[in-house]
Amino acid sequence: MNGLLWCLIGFVVCALLVWAKIRFTSFRAQDSADYDGPLRFDIRQALAGPMLCEGVIYGPTGRVASRFCAQMEGAWDGNKGTLREFFRYDSGSTQDREWRLEVAGDGSIRAEADDLVGTGLGQQRGDAVRLRYRIRLMPDAGGHVLDVTDWMYLAPNGVIVNRSQFRKFGIKVGELVATMRPKGVE
C-alpha cells in the first residue's frame, strides 16, 4: 500500500509539472501585457482595404491538414468595422465569413461572426493583437465547437503574421499559421 501511495503522489507531481510547463512556457502563456509599448498595430488601419492571406492548418498530430488562400476586405467607420473573408482551401471547398468588429478606447476588441458561439474578446497592444472566441466548425469539418486563441503580430512591412490554436476540452486539436497583407505588398 505504501508503494502505491508514493506512485500516486509521483503521478500527481509529474502531472502538475507538465501542466505548469504548458501553462507558463507555451503559446497559452502569452499575455497582451507582454507586448506593451506604443500602439503600432491598430486593426482599424491594418485590417482596412483589400488584403490577401495564405496559410496552413495543422491537425492534432502536427501534420498539415489543410492549406488555404483568402481574399479579404476590411471597412471601418470610426471604431466599428467589418472584415469580409473569402477562403479557398486545397480540397476545393470555399468558405465566406464576415467579422463584425468594434474597438474601444482602451484597445479592447469585440468580435462577432455568424459561426461564432457568443462574442469574441480581444486586446491590441504594441505590435500584437490577441482575440479569443468560440467557433462552430462547418458541418463537413464535424460541426464541433472549438475554443480559439488568435495571436496576430504586425511585421515592419505591414504584413500580419497570424498564429491560432484550436482547443476542445482544453486539449489542442489544431493550429493555424497564416499571413495577411495589403494587396500589392510582397
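I looked up L121 first: its bridge partner in β7 is R132. Strand β6 (residues 120-125) pairs with β7 in the antiparallel sense, over five bridges. I count two strands as paired if DSSP finds at least two bridges between them. Strands (E, at least two residues) and helices (H or I, at least four) are DSSP runs, numbered from the N terminus.

The model is predicted, so I noted the terms: local features need pLDDT of at least 70, side-chain atom pairs count only at pLDDT 80 or more, and totals for chains, interfaces and linings use all residues. Residues are numbered from 1 along each chain as its sequence is written, and side-chain values use heavy atoms, with hydrogens and water left out.

**Confidence.** pLDDT is the predictor's confidence in each residue, from 0 to 100. The chain averages 87, and 83% of the residues score at least 70. Confidence is lowest in helix α1 (residues 2-25), with a mean of 64. It is highest in β3, at 97. Where pLDDT is low, the predicted coordinates should not be read in detail.

**Barrel.** I traced a closed barrel of ten strands, β1-β2-β3-β4-β5-β6-β7-β8-β9-β10, with antiparallel pairing.

**Hairpins.** β2 and β3 run antiparallel and are joined by ten bridges. E73 stands opposite R84 in β3. Two residues lie between these strands in the hairpin, and G78 in the turn has a positive phi of about 70°. Next I checked β3 and β4, which pair in the antiparallel sense over nine bridges. G81 stands opposite L101 in β4. Their hairpin has four residues between the strands, and G92 takes a positive phi near 100°.

**Aromatic pairs.** Rings of Phe, Tyr and Trp (its six-membered ring) pair if their centres lie within 6.5 Å; planes under 30 degrees apart are stacked, over 60 edge-to-face, the rest tilted. I get five aromatic pairs by this rule. How are F68 and F87 set? Their ring centres are 5.5 Å apart and the planes stand at 70°, so the pair is edge-to-face. F68 is in strand β2 and F87 in strand β3, 19 residues apart.

The largest pocket has a volume of about 1000 Å³. A pocket is an open set of points on a 1 Å grid where a 1.4 Å probe fits, with protein on both sides within 12 Å along at least five of seven lines; lining residues have an atom within 4 Å of a point. The volume is the space filled by probe spheres set on the points. I find 46 lining residues, with I57, Y89, R97, F166 and L176 nearest the centre.
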